[in-house]
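This report describes the fold of a single protein chain and the surroundings of selected residues. Please consult the sequence and the model while reading.

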Amino acid sequence: MNPETPFLDVAAVFAREYGNTISPVNYVRGVPISGRLRLAQLLNDEEEVIPSIEDLVSSTVNQFDVDSIRFLDGSVHSGYLWAHDLTSLTTDPKYMNLLVKIADLYLTNTPPIDDDNRVEDIFFVGALLGRAYDFTKRETYANFLFAYLSQVNSQPDSNLWWHSNSSPYYWGRGNAFAALGFAEALSFMPDTEIEFQESVIKHRAHLDALISFQHESGAWSQVIDNPDTYLELTSTAILGYVLARGIRRGGLSQDYFPHLEKAWIGMSVYIDSAGQVSNACAGTGPLSTLIEYIERPTVEGHDDRSGGFVLWFAVEYAALLMQKSLDS
């Protein structure tokens, strides 16, 4: 059996269960659609998968009006992440043209990025502007993104991220979103700039801090620095993806591989062979007290958010192992 087979098996299950709906448009639906396309590319199965995805997104593409989402937040805008994968596979620019129009909203500060410094924005901005740069190679996107990443900061005493200024708590998925935003940005941005290296240093410092809190099971807690809180699926899947992507693309050394292996083991406890999940923190805006994060309910069963990130993690891990096999 090839080393990537178990990861591809999980990816196949989650690709069947998730990424089959686009409404309402937001990252919760966009990530698994992207995951289905990434898996198809990895398996050279594009001819079978692409038509179904194009059919799924056709009404959204045809009815797209950037003004209708201009003042909505990044959770909606990042619902178009799949456009990058679909344009890459079909060479049809109409999909990425939508994403570029959304990225342009950020250049004009409409909508403004949340003044409360919510960590979700790091993911949204990194993913959107990174893809816009990759498609257009326009320096305006790179300059904006590098400037943004330079002005957002973790807490200096811990290198962990608060959920927001008004919620100074180390929420698990919030820290995963911050790491994901840097990982997505660094996947697409030019590595010849000094700002790129500065972002890498900040990203690694955060990951090193997170690794110091990785549970012996491999998972991360609902509140990162509180080991008495429940072990949470979504943050573990996202951080596993971040580690796999960083190692595969060369931004992280092989020293991180044991923590990647542990993350997969820790995540696997909370998924089953039908694509159902457990211990996935419910949707969470900034909360007023630490106890609210500790007591935040979990989603059990079908969950597009955590299911999509499990799919991303499984595909990225398989891609890394396939690359290692080719390099050996």
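In which strand is the place of Asn279? Asn279 belongs to strand E3, which spans residues 277–281.

## Basis of the values

The model is predicted, with local features requiring pLDDT of at least 70 and side-chain atom pairs counted only at pLDDT 80 or more, while totals for chains, interfaces and linings use all residues. Numbering runs from 1 along each chain as its sequence is written, and side-chain values use heavy atoms, with hydrogens and water left out.

## Overall architecture

The protein chain contains 15 helices and four strands; these are DSSP runs numbered from the N terminus, helices being H or I of at least four residues and strands being E of at least two. Its radius of gyration is 18 Å, close to the 20 Å that the globule rule gives for 328 residues, so the chain is as compact as a globular protein of that length. The radius is taken over C-alpha atoms, and the rule is 2.2 Å times the number of residues to the power 0.38. Taken along the principal axes, the box filled by the C-alpha atoms is roughly 50 × 50 × 40 Å.

Of the 328 residues in the protein chain, 59% are buried; buried means under 20% relative accessible area, exposed over 50% and partly exposed in between, with a 1.4 Å probe and protein chains only. Contacts are defined by heavy atoms within 4.5 Å. Among those between residues at least 6 apart in sequence, 72% join residues at least 24 apart.

## Surface and charge

The accessible surface of the protein chain is about 13,300 Å², and 49% of it belongs to carbon and sulfur atoms. These areas come from the Shrake-Rupley method with a 1.4 Å probe, and for residues only the protein chains shown count as cover.

There are 21 positive and 43 negative side chains in the protein chain, and the centres of the two sets lie 3 Å apart. Lys and Arg count as positive and Asp and Glu as negative, without His or the chain ends; each charge is placed at NZ of Lys, CZ of Arg, CG of Asp or CD of Glu.

Glu232 is located in strand E2, residues 231–232. Is Glu232 buried or exposed? Its relative accessibility is 0%, so Glu232 counts as buried. The side chains of Glu232 and Thr234 are joined by a polar contact of 2.9 Å, that is, a pair of N or O atoms within 3.5 Å; within protein, one must be able to donate a hydrogen and the other to accept it, and residues adjacent in sequence count only if both atoms are side-chain atoms. A polar atom of the Glu232 side chain also lies 2.6 Å from the backbone nitrogen of Ser235.

Beyond its neighbours within four places in sequence, Glu232 contacts Arg173, Trp220, Ser221, Gln222, Asn279, Ala280 and Cys281. Asn279, one of these partners, has a positive phi of about 55° although it is not a glycine.

## Helix H6

Helix H6 comprises residues 82–90, and seven of its nine residues are buried. The buried set is Trp82, Ala83, His84, Asp85, Leu86, Thr87 and Leu89. Against which helices do the buried residues of H6 pack? Their partners are H2, H3 (46–62), H7 (94–107), H8 (120–136) and H10 (172–188). Just after H6, Thr91 takes a positive phi of about 60°.

## Loop residues

The loop between helix H1 (5–17) and helix H2 (27–42) holds Asn26, and Pro24 lies in the loop between H1 and H2 as well. Ser23 and Pro24 are joined by a cis peptide bond, with omega about -5°. Asn26 is buried at a relative accessible area of 15%; leaving aside neighbours within four places in sequence, its contacts are Ser75, Val76, Ser78 and Gly79.

Asn44 is in the loop between H2 and H3 and is exposed, at 65% relative accessibility. The C-alpha atoms of Asn44 and Phe124 are separated by 29 Å, the two residues being 80 apart along the chain. Asn117, in the loop between H7 and H8, is partly exposed at 44% and has a positive phi near 60°. Gln155 lies in the loop between helix H9 (139–151) and H10 and is buried, with a relative accessible area of 17%. Not counting residues up to four places away in sequence, Gln155 touches Leu160, Trp162 and Tyr170.
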